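I opened my notebook with the sequence and the model side by side. These are my entries, in the order I looked things up.

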Amino acid sequence: MPLHPNARAFIDQLQASGMPPLTEMPVADARKAIGDLFAGQTWPGVDVKTENRRIPGPAGEIPVRIYRPAGDGPFPALVYLHGGGWVLGDLDAYDGLCRTLAAKLRCVVVSVDYRLAPEHRFPNAPEDCYAAARWVAENAASLGIDPGSIAVGGDSAGGNLAAVVALMARDRGGPRIAYQILVYPVTERSFDTGSYRDNGADYFLTTDMMIHFWKEYLSGEDDAASPYASPLRAKDLKGLPPALVITAEFDPLRDEGETYAKRLEQAGVPVRVSRYDGMIHGFYAMPSVFPQALEAIEETADWFRGRLKAAAA
């Protein structure tokens with residue numbers, strides 16, 4: 001399909017704004033720019049209660065925000081890990097998305113404010129996210145969560161971290177992760193796929209931005225080979241939880257997300273892959289720009305409910 005008109009208008013508006021590329025901005029300014037973009041989105045009104053907590057982490061407390069849908073539990077849970085190239089993003093930027101996910105999926109969402117690069121390089125972010133998933137499992141009863149129905153999910157770098165947490169949980173003997181929701185995930189430090197060649201410029205997320213993010217995130221070349229940085233490098237994907245993988249047609253990350261889905265499928269993991277034609281990176285978190293965001297969230301909810309129903313049968 002051609003680029004969706006909403007995507008074209010969004011890109012044109014960004015270019016006309018005169019805002020410098022994120023790679024040329026001080027990190028504090030880049031964080032504010034992306035935070036304002038995502039936090040400024042309009043989401044449907046939902047009946048969700050929220051609570052800010054601080055939980056134990058490997059290097060101090062980790063802030064989290066817990067979203068609870070209306071009704072009585074125990075509920076399934078989604079540990080949500082925000083995007084932003086491991087450098088950008090926070091709880092406030094993803095508040096609307098997490099509220100909507102909690103309501104639509106009928107689950108408790110725990111949004112994790114993991115440590116960001118370049119102040120905290122790999123493996124700090126995945127270790128924080130793994131610690132959060134473990135905390136959710138260990139405190140399931142007090143949180144009103146079904147310990148057998150805990151999912152991890154995230155978008156972009158958050159999708160990377162969700163895939164990595166699933167790997168860590170398998171490799172370390174727990175906690176049990178029942179499902180993974182990977183929205184245009186980063187799965188490898190590689191910039192030579194067809195989608196990078198076709199979509200690496202002029203489609204919001206660029207090759208230059210991804211090179212910059214990886215440089216900020218990793219401490220050296222050895223880190224890039226770790227499956228906890230590049231899950232596509234994992235030798236064995238057997239035993240991982242069922243996955244929903246959402247990609248966007250005009251996204252440089254499209255091919256690596258779909259390749260990871262194929263690898264999961266080849267390892268015997270149930271996988272659903274859904275490519276949103278005409279869309280660009282970031283659409284899932286921008287409903288004010290893309291009505292397809294809410295369509296994708298409905299698809300996420302349908303898939304999640306379907307997996308829960310199958311597990312209960």
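**Entry 1: the second largest pocket**

By class, how many residues in the lining of the second largest pocket are nonpolar, polar and charged? I went through the lining and got 7 nonpolar, 1 polar and 3 charged. I noted that the model is predicted.

Next I looked up the space inside, which is about 170 Å³. The lining includes Pro 74, Phe 75 and Pro 76, and also Asp 146 and Ser 149. Arg 106 and Arg 305 are also among the lining residues. I then checked which elements give two or more residues, and found strand 3, strand 5 and helix 11 (292-312). Helix 11 has the largest share, with 3 residues.

**Entry 2: Pro 74**

I picked one lining residue and followed it. Where is Pro 74 placed? I found Pro 74 in the loop between strand 2 (60-69) and strand 3 (75-81). Is Pro 74 buried or exposed? Its relative accessible area is 59%. The cut-off for exposed is over 50%, so Pro 74 counts as exposed.

I then left out the neighbours within four places in sequence and looked for contacts. Pro 74 touches Gly 144, Ile 145 and Asp 146. I also checked Ser 149, which is 75 residues away from Pro 74 along the chain. The C-alpha atoms of the two are separated by 9.9 Å. Pro 74 and Ser 149 both line the second largest pocket.

What is the strand order in the open sheet? I read 1-2-4-3-5-6-7-8 for its 8 strands, and the pairing is mixed. Strand 1 (48-57) and strand 8 (271-280) are at the edges. Each has a single partner strand, so one side of each has no neighbour in the sheet. On average, neighbouring strands are turned by 20 degrees against each other, direction ignored.

I wrote down a reminder about pairing. Strands of a sheet pair through backbone hydrogen bonds, in a parallel or an antiparallel way. Then I checked some pairs:

- Strand 3 and strand 5 (residues 145-155) are parallel, with 6 bridges.
- Strand 3 and strand 4 are parallel, with 5 bridges.
- Strand 2 and strand 4 are antiparallel, with 4 bridges.

I looked for residues that face each other across these pairs. Tyr 80 is opposite Gly 153 in strand 5. Leu 78 is opposite Val 109 in strand 4. Val 64 is opposite Val 112 in strand 4.

Helix 6 (residues 157-171) lies across strand 3, strand 5 and strand 6 (179-183). Helix 6 runs at about 140 degrees to strand 5.

**Entry 3: strand 4**

How many residues of strand 4 (residues 108-112) are buried? I counted 5 of the 5, so strand 4 is largely enclosed by the rest of the structure. In a regular strand, side chains alternate between the two faces of the sheet. I checked the directions here. Val 108, Val 110 and Val 112 point one way, while Val 109 and Ser 111 point the other way.

**Entry 4: helix 3**

Helix 3 (residues 95-105) is mostly covered, with 8 of its 11 residues buried. The buried ones include Leu 97, Cys 98, Leu 101 and Leu 105. What covers the buried residues of helix 3? The cover includes strand 1, strand 2, strand 3, strand 4, strand 6 and helix 11. Just after helix 3, I found Arg 106 with a positive phi of about 55 degrees. Leu 105 and Arg 106 both line the second largest pocket.

The largest pocket holds about 430 Å³ of space. It has 19 lining residues, and the closest to its centre are Leu 14, Met 19, Pro 21, Phe 204 and Met 209. Helix 1 (5-17), helix 2 (27-39) and helix 8 (207-217) each supply at least two lining residues. The classes here are 13 nonpolar, 4 polar and 2 charged.

I found 1 cavity of 30 Å³ or more. The largest cavity has a volume of about 210 Å³. Of its 21 lining residues, Phe 38, Gly 84, Ser 156, Phe 204 and His 281 are the closest to its centre. Helix 8 gives the most to this lining, with 3 residues. By class, the cavity lining has 14 nonpolar, 6 polar and 1 charged.

Technical notes:
Residues are numbered from 1 along each chain as its sequence is written. This is a predicted model: local features need pLDDT of at least 70, side-chain atom pairs count only at pLDDT 80 or more; totals for chains, interfaces and linings use all residues. Side-chain values use heavy atoms; hydrogens and water are left out. Buried means under 20% relative accessible area, exposed over 50%, partly exposed in between (1.4 Å probe, protein chains only). Contact means heavy atoms within 4.5 Å. Two strands pair if DSSP finds at least two bridges between them. Axes are lines fitted to C-alpha atoms, for helices over the stretch in contact, and angles run from 0 to 180 degrees between N-to-C directions. On a 1 Å grid over the protein atoms alone, a cavity is a set of points where a 1.4 Å probe fits but cannot get out, and a pocket is an open set with protein on both sides within 12 Å along at least five of seven lines; lining residues have an atom within 4 Å of a point. Grid points are joined across faces, edges and corners, and a volume is the space filled by probe spheres set on the points. Ala, Val, Leu, Ile, Met, Phe, Trp, Tyr, Cys and Pro count as nonpolar, Asp, Glu, Lys and Arg as charged, and the others, Gly among them, as polar.
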